[in-house]
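Hi everyone, thanks for making the time this morning. Let me put the model up on the screen, and then we can walk through some of its side chains together.

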Amino acid sequence: MKAVQVGNRQIGGDGRLFVMAGPCVIEDPERVLRIGREMKAICGRLGLPYIFKASFDKANRSSWKSFRGPGLTEGLKILKAVKEELQVPVVSDIHEASQAEPAAEVLDILQIPAFLCRQTDLLQAAARTGKCINVKKGQFMAPSDMKNVAEKISHEGNENIILTERGVSLGYHNLVVDMRSFPIMREFGYPVVFDATHSVQLPGGAGTHSSGQRQFIGNLARAAAGSGIDGVFMEVHDNPEEALCDGPNMLYLTQVEGLLRDMVAIKAISDKSDSTAK
């Protein structure tokens, strides 16, 4: 498995579970910093590499009335402050090719949203920044299809690629996770991540916004840890009921450490079993 360069460190090549976590969207700067500070402390206690996540713009909301975030310019200022204060790498979504270069001045990982994972111009613009690219697998795609996505990035000379599973559409407002996705995508040689919180989302399930089934995050995350993942993506919040975006499928900060401990233990057993089998 290739390690990828994220800021001044490498992740994904040493067997340790890495963690990308934070609120769905940038709300107020102090709350964002508080959540990041707590996540860094949790990952520090567990010896896990931590990357802070928050979106500066959620461009694919259910309704035009939905909160989108502060936007590119102000959002990058806030993410830069988090990065400097906490001394951790940061990741956020980009939605247009024109956002790649300015975002790369701050972000350590450029994230491609699932709905945009086949957009060639966007992928290539992100790749040309030289930054690590995390691509969410589209809800409409088979895991084997992600090989073509990765090749669009690597063709530009960038091998710093992460592939993330976030569920597949099954009927209206419902997603399912096929645990075969993880070993299939790992065959491409890049680190594979499980998006534990978007996978329990019910897209558009509340009419003008998405709903979710937070109660199943732990079940899926533990199963993924035993199915061959290199990292986990989680949207977390100190009080999801107050969150301005994706509250129903965000994890309470108080639930994070116990779940990560379980995942680390399960992954260790799974990795040992795979090694013995070979």
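Let's begin with the side chain of Ser199, which reaches the backbone oxygen of Asp195 at 2.7 Å. That is a polar contact: a pair of N or O atoms within 3.5 Å, where within protein one must be able to donate a hydrogen and the other to accept it, and residues adjacent in sequence count only if both atoms are side-chain atoms.

Before I go on, a word on where the values come from. This is a predicted model, so local features need pLDDT of at least 70 and side-chain atom pairs count only at pLDDT 80 or more, while totals for chains, interfaces and linings use all residues. Residues are numbered from 1 along each chain as its sequence is written, and side-chain values use heavy atoms, with hydrogens and water left out.

Back to Ser199. Where does Ser199 sit? You'll find Ser199 in the loop between strand E11 (192–195) and strand E12 (201–202); helices (H or I, at least four residues) and strands (E, at least two) are DSSP runs, numbered from the N terminus. Ser199 counts as buried, at 3% relative accessibility. Here buried means under 20% relative accessible area, exposed over 50%, and partly exposed in between, with a 1.4 Å probe and protein chains only. Leaving out residues up to four places away in sequence, Ser199 touches Glu165, Arg166, Gly167, Leu175, Val177, Phe194 and Leu220, where contact means heavy atoms within 4.5 Å.

Now to the charged pairs. Side chains of opposite charge can pair when their charged atoms come close. A salt bridge is a side-chain nitrogen of Lys or Arg within 4 Å of a carboxyl oxygen of Asp or Glu, and this rule gives a count of 22 salt bridges.

Take Asp93 and Lys58, whose side chains meet in a salt bridge at 4.0 Å, N to O. This pair links distant parts of the chain, 35 residues apart: Asp93 is in strand E5 (residues 90–93), and Lys58 is in the loop between strand E4 (50–53) and helix H2 (72–86).

Next, Asp262 and Arg222 form a salt bridge at 2.9 Å, N to O. Asp262 lies in helix H8 (residues 253–277) and Arg222 in helix H7 (residues 217–225), so the pair ties together parts that are 40 residues apart in sequence. Asp262 is partly exposed at 31%, and Arg222 is partly exposed at 33%.

Finally, salt bridges that share partners join Glu27, Arg31, Arg34, Asp238 and Glu242 into one network. Happy to take questions!
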